Amino acid sequence: MRKRRSKVKRARNDTTYKARGLEKKKRERKTKAPKTRNMQTMSESEFWSFIRSALRNRTRFWKPRLEALKRARRVYNGPNKRQKWEFKCAICGNHFKQTQVEVNHIIPAGSLKSKEDLPSFVENLFCEVDNLEVVCKTCHKEHHKKQENVLQ
Ligand SMILES: [Zn+2]
Ligand SMILES: [Zn+2]
């Protein structure tokens, strides 16, 4: 009985020890990235994610993107009186309303984690219409999940 109890105790201590170790690691990771950008308010990775989203915002009215949407659409004849168009997903082939589709880059824009990534990121992001396809949100998510697995 006594033996058993001590085993349980040790096991519990082991987990607390491990948990503490993880917490310490987390804290170290957090404090390690120095705030080097934007008046010492942004780490390097926060800065690049800021630039990434700024550039992505500018693709909203990029003509090839609008053209890709135009090419994938057809007149909607369903029951919703307010819906004028529906858009064909290039992967599953079904039709969706505009809020349910996204434009995918066939050659992906890639990562933007440093200034070395910038030329290829800009070049791929602001591409012509032949590199773009309209996909539904579900297929889009699946598509990038698969791509990640390929990269790993
Ligand atoms: Zn789809
Ligand atoms: Zn995509």
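Strands β4 and β5 (residues 95-96) pair in the antiparallel sense over 2 bridges, where pairing asks that DSSP find at least two bridges between the strands. Helices (H or I, at least four residues) and strands (E, at least two) are DSSP runs, numbered from the N terminus. This is a predicted model, in which local features need pLDDT of at least 70, side-chain atom pairs count only at pLDDT 80 or more, and totals for chains, interfaces and linings use all residues. Residues are numbered from 1 along each chain as its sequence is written, while chains are lettered from A and ligands numbered from 1 in the order in which they are written.

Let us stay with β4 for a moment. Within its pairing with β5, K88 has H95 as its bridge partner. The two strands form a hairpin with 6 residues between them, and G93 in that turn has a positive phi of about 80°. β4 (residues 85-88) is also joined by 3 bridges to β3 (residues 73-75), and these two run antiparallel. Here R74 stands opposite E86 in β4.

Now step back to the whole chain. It holds 5 helices and 7 strands, and along the sequence they follow the pattern α-β-β-α-α-β-β-β-β-α-β-α. Among contacts (C-beta atoms, placed from the backbone, within 7 Å) between residues at least 6 apart in sequence, 53% join residues at least 24 apart.

What about the inside? A residue is buried if 20 or more other C-beta atoms lie within 10 Å of its own, exposed if 12 or fewer, and partly exposed in between, with C-beta atoms placed from the backbone. By that count, 12% of the 152 residues are buried. A nonpolar core is a set of buried Ala, Val, Leu, Ile, Met, Phe, Trp, Tyr and Cys residues joined through C-beta atoms within 7 Å. The largest one has 13 residues, of which C89, V101, V134, V135 and C136 touch the most other members. β6 (101-105) and β7 (132-136) are the elements that give two or more residues to this core, and β7 gives the most, with 4 residues. Leaving aside neighbours within four places in sequence, V135 is in contact with C89, A90, I91, V101, E102, N104, H140 and H143.

Finally, visit the loop between β1 (35-37) and β2 (42-43), where M39 is placed. M39 has a positive phi near 55°, though it is not glycine, and it counts as exposed because it has 6 C-beta neighbours inside 10 Å. Q40 is found in the loop between β1 and β2 as well. Its phi is near 60°, again positive in a residue other than glycine, and Q40 is exposed, with 9 other C-beta atoms within 10 Å.

Terms used
Contact = placed C-beta atoms within 7 Å.
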